[in-house]
Amino acid sequence: MVSSVRASKSDDKRLTIFTGTKTLHLCCISRDDRTLWIEALQAAKDLFPRVLTSSDFSTSEDIVVSTEKLRLRLSQEGVGEAVIRDCESIMLAEHSELQNQLNALQRKHLMLLDTLRQLETEKIELEATVVDETKERDSFCGQGNRRYSDFYSVMSEGSATDSDADNESQDGADVETDEDDGIYFDTNDFLSSEALRSASYRSRETGGNACIYDKELFFSDRLHRVGNEIRPVQYPYVKRRDNLPEPKEKEKPVGLWSIIKDNIGKDLSGVCLPVYFNEPLSSLQKCFEDLEYSYLVDQAMEWGKQGDDLMRILNIVAFAVSGYASTEGRQCKPFNPLLGETYEADYPDKGLRFFSEKVSHHPMIVACHCEGRGWKFWADSNLKGKFWGRSIQLDPVGILTLQFEDGETFQWSKVTTSIYNIILGKIYCDHYGTMRIKGSGNYSCKLKFKEQSIIDRNPHQVHGFVQDNRTGEKVAMLVGKWDEAMYYVLGDPTTKPKGYDPMTEAVLLWERGRSVTKTRYNLTPFAISLNELTSGLSDKLPPTDSRLRPDQRHLENGEYELANAEKLRLEQLQRQARKLQERGWRPRWFSKDEDGCYRYMGGYWEAREKKDWDGIPDIFGQSSGSPSSYLVESRQSFSSSCS
């Protein structure tokens with residue numbers, strides 16, 4: 001359906017078509033050709049008028065009501081003339097009131113229709129203006145010049161060593177100012193250029209720093225840069241599952257709006273959502289997904305041993321961005337962990353051991369700790385959510401820390417995540433904001449995640465630069481997409497002679513592993529392996545591990561009715577267990593340091609080796625099935641930890 005057609009004011013060959021659901025921007029051969037197109041589209045539109053027009057809501061004429069049938073019926077019943085006239089008067093008065101209400105409603109509908117048309121026209125004109133201005137800028141600067149000017153604007157943004165007051169708010173989140181809002185360049189101009197592609201291919205063919213985590217691909221024998229070389233770390237192969245079990249039941253999806261509309265004005269955090277909105281993973285397991293591309297940290301470790309601190313931070317930056325890659329296409333939410341719930345991941349094929357625990361219920365805080373080959377990674381995270389009607393904004397609070405065995409430390413915070421079209425349309429997520437990776441050594445980095453706009457043809461862009469902490473000099477640029485790849489260019493291109501194209505020297509730093517989606521949850525092969533429970537592993541896990549959570553396991557098996565019942569039971573259990581935290585409950589494996597951050601105290605893997613889970617409560621209530629048992633066991637655990 002063609003809702004409206006507009007001719008561009010700045011280009012006599014362009015026109016805009018608004019269909020009601022999308023906007024199409026067309027370019028004709030000539031001005032006369034555009035006129036013919038507009039006339040033809042208007043003629044086609046006239047053949048199929050709108051279903052609702054202003055005439056449909058025009059005020060109806062007053063309807064004359066006859067009371068003859070009423071008078072006749074009352075007369076047959078022997079009612080007197082005076083009573084009959086009273087009945088006629090009452091009926092006519094009621095009808096007149098209804099007629100007035102109907103006329104008022106019709107006038108409101110007419111005003112609403114006119115307002116919607118006006119908004120539609122303004123939206124079309126706004127989009128056309130944006131596109132026109134973009135084209136004018138392109139034609140003024142030239143495509144080549146635009147690449148240079150936009151690139152220079154990126155490299156001239158605020159310093160990576162801005163003051164703490166400018167960088168962080170009281171609760172650790174970035175405070176963005178107008179100075180931070182530099183001009184974004186279109187990553188597609190770079191990623192699609194033949195120069196960049198040939199550069200990235202050259203980096204692979206010559207053994208450049210372009211390793212891809214994929215079973216079908218392999219690491220190059222040696223990784224080179226300026227005379228230095230490192231060998232990729234080799235780990236043993238471990239066979240893991242590559243798919244979820246076949247569902248045992250047919251899913252019965254429920255619309256989110258059907259749930260929210262019955263809870264208007266209530267706290268949505270207290271609304272019990274059915275498992276159809278969940279994926280068979282917990283938030284504790286989602287933390288481990290950030291380490292899918294941990295080989296980048298291994299490479300950073302090796303570069304540091306070679307004394308190449310710049311290549312170290314470049315790999316750390318790629319690692320920080322890679323944590324977002326698995327979120328693309330993920331429309332379901334993870335399970336909220338129960339208080340005291342834990343998750344372990346022993347992955348010798350990646351050379352690391354990971355552990356996480358839910359350490360607080362209100363606010364909901366998850367802490368994790370990971371040990372790799374020559375490095376440690378830890379974090380605690382809390383999300384502050386805001387509901388905007390059609391979208392949910394999640395602002396992360398917390399610091400991620402990566403420390404190498406030589407003492408060098410890197411810290412950063414995550415950017416904002418928004419989930420759109422939660423009521424109507426296709427759900428999608430976007431990550432945007434500024435990420436500052438602060439190194440304790442020679443280099444730090446500032447990255448910008450570009451927020452996706454309505455007419456953005458090239459979303460998920462990331463760009464930034466690495467700065468020398470000693471001199472303030474910009475020593476490298478980074479560009480890419482958080483769901484595809486990241487590239488780097490050494491040096492500061494703004495100091496190069498005019499005409500220099502920095503993208504001809506771009507090198508592939510990281511690329512997302514390619515795989516075929518085998519589940520409706522759009523899980524990566526790595527994510528599919530996280531909830532796998534083998535017979536040998538089940539004997540070693542504590543009763544608090546996420547793999548033993550019954551509602552999550554039922555959902556993975558496609559047993560939706562059982563999953564819903566268990567989810568409701570555990571949520572009721574959790575509401576009772578909340579009293580424990582109010583009475584001073586403390587996590588078993590983490591404690592707060594002097595900065596108020598949760599740090600791993602140690603002891604978990606030693607207890608696992610001995611299978612010593614004394615004092616660890618059965619938080620899922622599978623043994624007795626009663627909420628009281630959880631409270632009793634938890635109190636005993638709390639008392640023993642205090643004694």
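## The β2-β3 pairing

In this predicted model, Phe18 has Thr23 of strand β3 as its bridge partner. This pair belongs to a region in which strand β2, residues 14-18, is joined to β3 by five bridges. The two strands run antiparallel.

## The three-stranded sheet

Strands β2 and β3 form part of an open sheet of three strands, arranged in the order β1-β2-β3 with antiparallel pairing. Its edges are β1 (residues 4-7) and β3 (residues 23-27), each of which pairs on one side only. On average, neighbouring strands of the sheet are turned by 20° against each other, with direction ignored.

In a regular strand, side chains alternate between the two faces of the sheet. Helix α1, which spans residues 31-47, lies across β1 and β2. The helix α1 runs at about 15° to β2.

## Helix α10

Is helix α10, residues 295-305, mostly covered or mostly uncovered? The helix α10 is mostly covered, with 10 of its 11 residues buried. Among the buried residues of α10 are Tyr295, Leu296, Val297, Met301 and Trp303. Asp298, Gln299 and Glu302 of α10 are buried as well.

Just after α10, Gly307 adopts a positive phi of about 85°.

## Strands β20 and β21

Strand β20, residues 485-490, pairs with β21 in the antiparallel sense, over four bridges. Within this pairing, Tyr488 has Val507 of β21 as its bridge partner. Strand β21, residues 507-511, is mostly covered: five of its five residues are buried.

Definitions and conventions:
Residues numbered from 1 in each chain as written. Predicted model: local features only at pLDDT ≥ 70, side-chain atom pairs only at ≥ 80, totals over all residues. Heavy atoms only, no water. Buried < 20%, exposed > 50% of the residue type's maximum accessible area, 1.4 Å probe, protein only. Pairing = 2+ DSSP bridges. Axes fitted to C-alpha atoms, helices over the stretch in contact; angles between N-to-C directions. Contact = heavy atoms within 4.5 Å.
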